[in-house]
Amino acid sequence: MFYMSIFFQYMSQYVKTKLQYRTDLFVEFLSDLMFQGVNLIFILVVFGHTQLLNGWTRDEIIFIYGFFLVPFALFASFFNIWDFNERYIVRGEMDRVLTRPVHSLFQIVLERMELESLLGGITGLVIMSYAAAKLHLTFHWYDVILFVLFVLGGTFVYAGIFISLASISFWSDARSSIMPMMYNIGNYGRYPVDIYNRVIRYVLTWVLPFAFVGVYPSAYFLRKTEWYMYSFLTPVMGIVCFTLSVLLWNAGVKRYRGAGN
Amino acid sequence: MGKYIEMIRMRFLMMLAYRTNYYSGIFIYSINIGAYYFLWSAIYGGQPSIQGMTVEQMTTYVAIAWMARAFYFNNIDREIAMEIREGKVAIELIRPYNYLVMKTMQGLGEGIFRLFFFSLPGMLIVTFVFSLQFTTNAHTWAYFVLSTILSFIINSQLNLLAGMVTFFTLNGEGLLRAKRFIIDLFSGLILPISFYPEWAQDVMKYLPFQAISYIPSMIFTESFTENEAVRGMMFQAVWCIVLIVPIYLLWKAAKRKLIIQGG
């Protein structure tokens with residue numbers, strides 16, 4: 001309960017500060033839209049030269065992309081920890097975080113939230129509906145529940161991976177240059193994993209399970225029965241990933257020695 | 001001149017201190033290129049060639065484009081923006097060197113470091129794992145080297161321009177991000193320019209972006225004829241010179257406009 005009330009208080013403070021700088025907010029929205037546009041253009045241009053991607057049509061790939069944007073937006077809004085090392089470890093800010101009455105990870109989530117990224121989720125829904133209309137997909141009432149579950153699962157998969165990466169900085173003080181590249185790898189979960197060879201498919205499913213943020217859950221809505229098992233695994237993967245990462249984080253915090261001044 | 005070479009050396013040594021972190025980077029880059037490799041193989045499906053490029057040329061294109069990016073890529077736009085925000089730029093301006101040249105040299109030091117500790121070992125791994133086509137034609141290699149140097153210059157010039165714009169806007173985070181997406185898309189890094197629809201290609205002919213990634217990569221994969229390669233490099237060279245004008249003007253205006261925020 002306490003966590004909830006703190007969360008909403010931080011949220012309302014955040015909205016207030018953001019509304020002070022409206023042009024900035026506008027530019028950020030615009031650059032987010034551009035980011036989503038770049039990927040969509042890639043898909044459109046590629047399908048200008050081919051009909052099928054290993055049996056998947058253009059609209060199906062677009063649907064996966066739209067789905068991907070929803071958990072990704074949630075992740076980007078609340079787990080903005082890609083620069084954790086520079087921001088908290090190098091500058092010694094972690095000391096301050098540890099004195100706060102809430103869990104250190106939760107405190108960082110609060111401080112670093114970027115609610116404007118949620119707009120990406122709306123873009124995603126629009127893209128999805130467009131693709132669904134083109135594909136004449138039909139949905140049952142319980143698909144809504146599954147959608148929510150899959151989105152949350154995907155969000156926690158993403159969060160788990162990035163929290164684990166951030167936790168590494170408790171052990172090594174190298175700068176976190178792998179983080180931006182990780183964002184790139186995340187993109188490959190958006191394409192049907194059967195196009196990759198065994199190694200990469202394995203990596204995307206079990207090591208860096210980005211496929212659970214894109215193709216696996218979407219396969220359910222696209223009625224690709226052969227992937228159903230993986231689709232339903234999405235929430236489980238989310239819980240597992242997130243739990244492991246929090247355990248790793250806690251172990252890291254125990255090891256943490258203040259740096260900076 | 002000596003002081004600028006010293007700048008390159010300093011930045012190189014600074015990067016060297018953080019080298020461990022690049023070994024993991026190579027691994028991630030290799031996965032990245034690997035995934036692209038299969039993505040493109042799937043896109044080609046059974047087709048022998050698209051827009052005059054075979055699937056081998058395409059995968060080599062992707063690999064070389066990403067490896068070359070490690071060389072030309074730098075964050076000097078962000079550094080300039082940060083130095084303005086923190087007021088450090090005031091001190092930089094009274095030092096006896098040209099601030100912009102100094103920034104470019106730092107970028108070059110970073111690029112050279114990544115070339116030796118990142119691109120070359122990375123390329124070695126990637127060639128072992130995937131069937132990439134490397135030409136043995138010395139001409140192509142010479143053209144490629146020259147063209148990559150030009151692409152470094154153009155990319156740095158664009159970064160300087162973007163960084164200087166933050167002199168006027170004070171908070172340019174969104175702008176710098178937008179610039180990055182534009183460069184990813186229009187430089188030919190994720191898609192060769194020849195894949196775009198005609199009208200888009202016509203527009204891009206008048207923009208400098210394809211000089212960054214498309215031209216060197218096309219030269220390397222020999223998707224360009226010798227004639228096209230020379231014309232491509234001319235295109236790059238012209239942009240290198242043309243871009244000096246807005247940099248010069250903006251720099252003059254920026255110095256006049258500069259407000260030091262703290263320091």
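How are α1(B) and α6(B) oriented to each other: roughly parallel, roughly antiparallel, roughly perpendicular or oblique? Before selecting them, note that this is a predicted model, in which local features need pLDDT of at least 70, side-chain atom pairs count only at pLDDT 80 or more, and totals for chains, interfaces and linings use all residues. Residues are numbered from 1 along each chain as its sequence is written, while chains are lettered from A and ligands numbered from 1 in the order in which they are written.

**Helix pair in chain B**

Select residues 2-17 (α1) and 99-129 (α6) of chain B; their axes come within 7 Å and cross at roughly 45 degrees. Helices here are DSSP runs of H or I, at least four residues, numbered from the N terminus. Axes are lines fitted to C-alpha atoms over the stretch in contact, with angles from 0 to 180 degrees between N-to-C directions. α1(B) and α6(B) are therefore oblique; angles under 35 degrees count as roughly parallel, over 145 as roughly antiparallel, 65 to 115 as roughly perpendicular, and the rest as oblique. Among the residues making the contact are Y4(B) and F12(B) of α1(B), and M105(B) and F113(B) of α6(B). Contact requires C-beta atoms, placed from the backbone, within 7 Å.

**Between the chains**

Next, show both chains: 31 residues of chain B are in contact with 33 residues of chain A. On the chain B side, α2(B) supplies the largest share, 14 residues. Select 20-44 of chain B for α2 and 173-186 for α8, each of which supplies at least two residues of that side.

**Nonpolar cores**

The largest nonpolar core has 125 residues, and F162(A), L204(A) and V62(B) have the most contacts inside it. Such a core is a set of buried Ala, Val, Leu, Ile, Met, Phe, Trp, Tyr and Cys residues joined through C-beta atoms within 7 Å. A residue is buried with 20 or more other C-beta atoms within 10 Å of its own, exposed with 12 or fewer, and partly exposed in between. Select 58-78 of chain A: this helix, α3, gives the most to the core, 14 residues. Then centre on V62(B); leaving aside neighbours within four places in sequence, V62(B) is in contact with I33(B), Y36(B), Y37(B) and W40(B).

**Two loop residues**

Finish at H136(A), in the loop between α7 and α8 of chain A. H136(A) has a positive phi of about 55 degrees although it is not a glycine, and is exposed, with 7 other C-beta atoms within 10 Å. E222(B) lies in the loop between α10 and α11 of chain B. Its phi is also positive, near 55 degrees, but E222(B) counts as partly exposed, with 18 C-beta neighbours inside 10 Å.

Conventions:
Contact = placed C-beta atoms within 7 Å.
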